[in-house]
Amino acid sequence: MLRAVVNGIKKEVAPGATILDLLGELGIDVPSLCHDPRLRPTAMCRLCAVTVEGLPRPVVACGTPVADGMVITTHSPELEEFRRGTLELLAPNCAPGMRALLPEKPFHRALERYGIPDATERPPSPPPIDASHPYIHVDMSQCIQCHRCVRICDEVQGLSVWHVLGRTEDCRVVPDSLTTLLESSCTGCGACVDSCPTGALVDKQRLALGQPEAWTRSVCGYCAVGCELNVGTRDGRVVQVTPVVDSPVNKGHLCIKGRYAFEFNSAPDRAAQPLLRRQGGWQGTDWPTAVTSVAEVLAGVLERHGPQAIGILGSARATNEDNYVIQKFARTVLGTNNVDCCARVCHTPSAAALKRMLGFGAATNSFDDIELAGGFMLVGCNPTENHPVVGARILRQARLGKPLVVIDPRATDLARRATVHLRPRAGTNVPLLNALAHVILEESLADESFVRERVDGLAEFRAFVAGWTPERAAAVSGVPADDIRRAARLYATTRPAMCFHGLGVTEHLQGTEGVMCLINLALLTGNLGRRGAGVNPLRGQNNVQGAAHMGCDPGLLTGGAAIDPERARFEALWGTALPTAPGRNVVEMIGAAGRGELKCLWIVGYDVLPTLPNRTATREALARLEHVIVQDLFINETAREFATIFLPAASVFEHDGTFMNSERRIQRVRQAVPPPGAARADWQILCDVARAMGLGSGFGFGSAAEIWDEVRAAWPGGAGVTGERLDESGVQWPCRDEHAPGTEYLYAEAFGAGPRATLACIDYVPTAETVAPEFPLLLTTGRSLYQFNAGTMTGRGRTRDLRPTDLLEINAVDAAAAGVVSGDAVRVRSRYGEARLRARVTDRVRPGELFATFQDPAAMVNLLTSGCGDRITQAPEYKVTAVCVERG
């Protein structure tokens with residue numbers, strides 16, 4: 001430790017700390033308008049200058065490291081006079097009334113502190129106000145040339161939207177479009193606004209809704225990066241969201257959805273009252289009546305048809321506590337294992353593969369390994385759009401020159417920056433990945449020591465992949481053999497190498513087996529059990545990892561425990577026998593409903609009609625159900641057509657609990673505002689119904705914290721994750737006791753089932769979904785930056801201004817053949833149905849390939865997709881659909 005004296009106060013600090021860091025620890029405030037802890041110091045404003053005994057002139061606190069024995073003075077008359085004079089020169093850049101409107105801005109605080117009055121004159125010929133962006137208000141007449149916006153866009157977001165033009169008095173900051181922010185390459189993350197110390201860049205929501213009266217630390221409810229938020233509230237509503245600067249996950253950064261897309265919470269159509277469908281219409285009711293109605297429906301179905309006639313779906317948007325209660329209710333109240341969640345249709349293949357081969361059905365490493373990795377392989381994922389904060393971190397590393405292999409049919413943002421971009425035909429991941437393994441072994445690129453000590457099955461595997469030469473894989477996948485070799489060499493020789501994958505791997509006929517092929521590559525190259533490496537699924541929704549891990553899976557109990565081996569332990573914990581009949585997953589439930597075997601479906605926070613594949617078959621199945629109970633924030637598409645009972649739920653901003661992100665980190669979710677009307681937390685609704693059915697003894701929870709304590713009792717791997725620890729910071733499981741620090745990366749010494757893992761020989765099984773003369777194009781579906789899943793939340797905010805509806809990406813060659821130009825309405829037909837979309841002609845897709853999002857329920861893209869699914873987990877094959885495109 002280093003010792004220093006500041007204004008007569010002795011203090012020790014760690015080596016590497018700056019004087020400004022030291023002042024922060026002591027609570028001594030000096031102006032620092034150009035400083036942001038997320039950025040490299042530039043010492044442009046010099047307002048943080050201090051004197052150090054023995055030095056001839058003041059030094060800037062933000063850029064000067066503490067030296068042992070320093071004696072520092074921060075507020076001498078000379079320093080204060082210098083600061084006041086500098087602020088007087090900058091004062092004309094503060095528009096009249098702005099310091100009262102935005103008192104939290106550092107520049108405005110400094111003006112007030114030093115008693116600088118409003119300037120009588122403003123800068124001559126100020127640039128016009130730019131109000132083009134739906135979320136960001138730009139008034140560069142208030143810019144003080146600190147360039148924090150320029151730097152944070154470059155250093156944190158990895159883009160260069162803002163640029164400095166001119167010099168000295170003619171210097172100005174402009175977007176890269178040289179026109180408006182909306183026309184620029186801005187992705188709307190708001191980092192520039194967050195960093196700006198003046199009124200030059202301001203959240204429009206802050207201007208419209210006022211300054212927050214209170215702030216609550218919580219977690220984002222969109223993707224599974226798990227960014228921590230400061231939620232600003234006023235008059236019982238969310239009015240502003242900012243990033244938590246010291247968060248270990250997002251490190252002071254957010255994406256456009258996390259920062260701005262909270263409008264849904266106060267949307268005029270938020271459900272605030274239980275509803276019963278009577279005589280074809282909705283009738284509002286109170287909770288006692290609604291709970292009694294649900295209990296009577298469930299009891300009636302149980303009496304007439306038995307427990308296998310009921311299913312319940314948990315929610316990836318709900319907390320761990322909600323989902324724990326949902327699956328416990330299914331098994332102990334209803335007596336069925338018919339419980340699942342939307343993990344089934346996205347990353348259940350990842351969990352199955354990782355658990356089968358390595359031991360745990362979760363990511364092996366942490367997001368902090370990104371900066372420790374020597375290189376990256378991204379397979380079937382588009383993180384800059386779907387996991388933007390992680391995507392920005394990977395992008396920054398690529399810009400530093402780290403090798404990047406991208407395997408994706410589309411030319412995504414990161415693919416355009418890749419060292420090698422492999423573009424396989426949809427459905428051919430397995431042969432391509434086998435060919436990578438072939439090259440690694442053929443060219444002796446494997447980590448021989450790691451394989452010798454920790455891997456079994458090498459001889460059999462070597463013989464198997466010997467047949468998967470790059471030339472053979474090239475003929476199947478369309479990827480040139482030389483590119484396959486180059487990618488294999490990069491991944492194998494750049495150690496450690498970190499692999500991320502997404503739904504472009506899992507949503508296939510061989511989804512689980514595709515992930516197993518990725519694990520093979522990591523085992524061969526020693527990229528497991530170490531920092532900066534691993535096999536890491538990027539989970540899609542905020543708590544999709546947690547929902548399944550809590551037991552919303554027909555074959556698994558809390559903590560991923562298999563039912564039969566753990567039956568006795570859970571029966572002792574819950575005080576009742578568990579059902580013995582195998583449960584159905586969501587795909588099987590829909591099939592059973594279509595056959596008339598499932599009579600009742602309770603759906604929590606999951607709009608199945610627009611999101612499940614083959615919408616026609618899904619609609620027919622839902623129509624055959626006797627009862628559909630929907631529990632959600634809004635009357636969603638499923639509820640609108642089929643619900644017989646609707647129950648209003650509290651949102652992520654409205655109740656307490658925990659989420660589990662993609663890196664196995666459990667984090668506290670905190671209530672910031674009350675729910676609207678009679679809306680309630682999901683777990684409270686389930687507990688009330690259990691009591692109404694006379695089985696409430698195991699559902700007497702009084703808080704989310706009480707539920708979490710039972711989760712810890714049920715799950716040895718999370719026993720050490722106490723509520724008290726979560727109040728301080730998130731914890732990564734496994735964490736088996738209260739003194740364990742958690743686990744940043746798995747398998748350092750052994751795998752889950754023992755010291756060694758076995759390579760898997762995965763042969764190629766072609767999908768039956770192939771092109772034909774009538775359907776000559778292959779369609780892949782996915783998400784976009786500005787919308788989220790079916791648009792339940794983002795569709796109710798101004799992100800829709802940036803992407804109002806689903807678009808069909810089509811190559812110019814195919815567009816010309818169909819007589820289509822960008823903006824045209826097109827009819828897309830498959831073997832299962834048709835949808836109408838707007839075309840976007842682009843080189844992001846190749847001839848013969850199409851891409852569409854599914855955010856807009858009105859577009860009904862999932863009328864096109866088939867009911868085919870993964871051979872092991874039944875995850876739908878959303879990524880391969882043969883279609884044709886016609887104008888009109």
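This is a predicted model: local features need pLDDT of at least 70, side-chain atom pairs count only at pLDDT 80 or more; totals for chains, interfaces and linings use all residues.
A residue counts as buried here when its relative accessible area is under 20%.

Strand β17 (residues 375–379) runs parallel to β21 and is joined to it by 5 bridges. Within that pairing, methionine 377 stands opposite cysteine 499. Strand β22 (residues 535–537) also pairs with β21 in the parallel sense, over 3 bridges. There, phenylalanine 500 has asparagine 536 of β22 as its bridge partner.

Next, have a look at an open sheet. It is formed by 7 strands in the order β14-β13-β27-β26-β25-β15-β16, with mixed pairing. The edges belong to β14 (281–284) and β16 (339–340); each has a single partner strand, so one side of each is left without a neighbour in the sheet. Further in, β15 (residues 310–313) and β25 (residues 600–604) run parallel and are joined by 4 bridges. Glycine 311 has leucine 601 in β25 as its bridge partner. Helix α9 (residues 287–305) packs on this sheet, where it touches β13 (275–278), β15, β25, β26 (627–632) and β27 (645–648). The direction of α9 makes about 135 degrees with that of β27.

From sheets we can move on to helix pairs. Take helix α24 (residues 586–594) and helix α26 (residues 615–624): their axes come within 7 Å and cross at roughly 60 degrees. That angle makes α24 oblique to α26. The crossing is left-handed. On the α24 side the contact is made by Ile590, Ala593 and Gly594, which meet Thr618, Ala621, Leu622 and Arg624 in α26. By class, the residues of this contact divide into 4 nonpolar, 2 polar and 1 charged.

A second pair is helix α23 (residues 563–574) with helix α29 (residues 704–714), whose axes come within 11 Å and cross at roughly 150 degrees. Angles over 145 degrees count as roughly antiparallel, and α23 and α29 are therefore roughly antiparallel to each other. Their crossing is right-handed. Arg569, Phe570, Leu573 and Trp574 in α23 meet Glu710, Ala713 and Ala714 in α29. This contact divides into 5 nonpolar residues, no polar ones and 2 charged.

Now zoom in on two individual residues that touch each other. Alanine 49 lies in strand β3 (residues 49–52). With a relative accessible area of 6%, alanine 49 is buried. Leaving aside residues up to four places away in sequence, alanine 49 touches Pro58, Val59, Val60, Ala61, Leu79 and Arg83. As a distance to check in your viewer, the C-alpha atoms of alanine 49 and threonine 73, 24 residues apart along the chain, are separated by 9.6 Å.

Arginine 83, one of those contacts, sits in helix α2 (residues 77–90). Is arginine 83 buried or exposed? At 0% relative accessibility, arginine 83 counts as buried. With residues up to four places away in sequence again set aside, arginine 83 touches Val30, Pro31, Leu47, Cys48, Ala49, Val50, Thr74, His75 and Tyr114.

Our last stop is a barrel. There, 6 strands close up in the order β32-β36-β33-β35-β34-β37, and the pairing is mixed. From one strand to the next the twist averages 45 degrees. One of the pairings joins β34 (residues 825–830) with β35 (residues 834–841), in the antiparallel sense and over 5 bridges. Arginine 829 stands opposite glutamate 834 in β35.

Notes:
Residues are numbered from 1 along each chain as its sequence is written. Side-chain values use heavy atoms; hydrogens and water are left out. Axes are lines fitted to C-alpha atoms, for helices over the stretch in contact, and angles run from 0 to 180 degrees between N-to-C directions. Helices (H or I, at least four residues) and strands (E, at least two) are DSSP runs, numbered from the N terminus. Angles under 35 degrees count as roughly parallel, over 145 as roughly antiparallel, 65 to 115 as roughly perpendicular and the rest as oblique. A crossing is left-handed if the near helix is turned anticlockwise from the far one by less than a right angle, and right-handed if clockwise. Contact means heavy atoms within 4.5 Å. Ala, Val, Leu, Ile, Met, Phe, Trp, Tyr, Cys and Pro count as nonpolar, Asp, Glu, Lys and Arg as charged, and the others, Gly among them, as polar. Two strands pair if DSSP finds at least two bridges between them. Buried means under 20% relative accessible area, exposed over 50%, partly exposed in between (1.4 Å probe, protein chains only).
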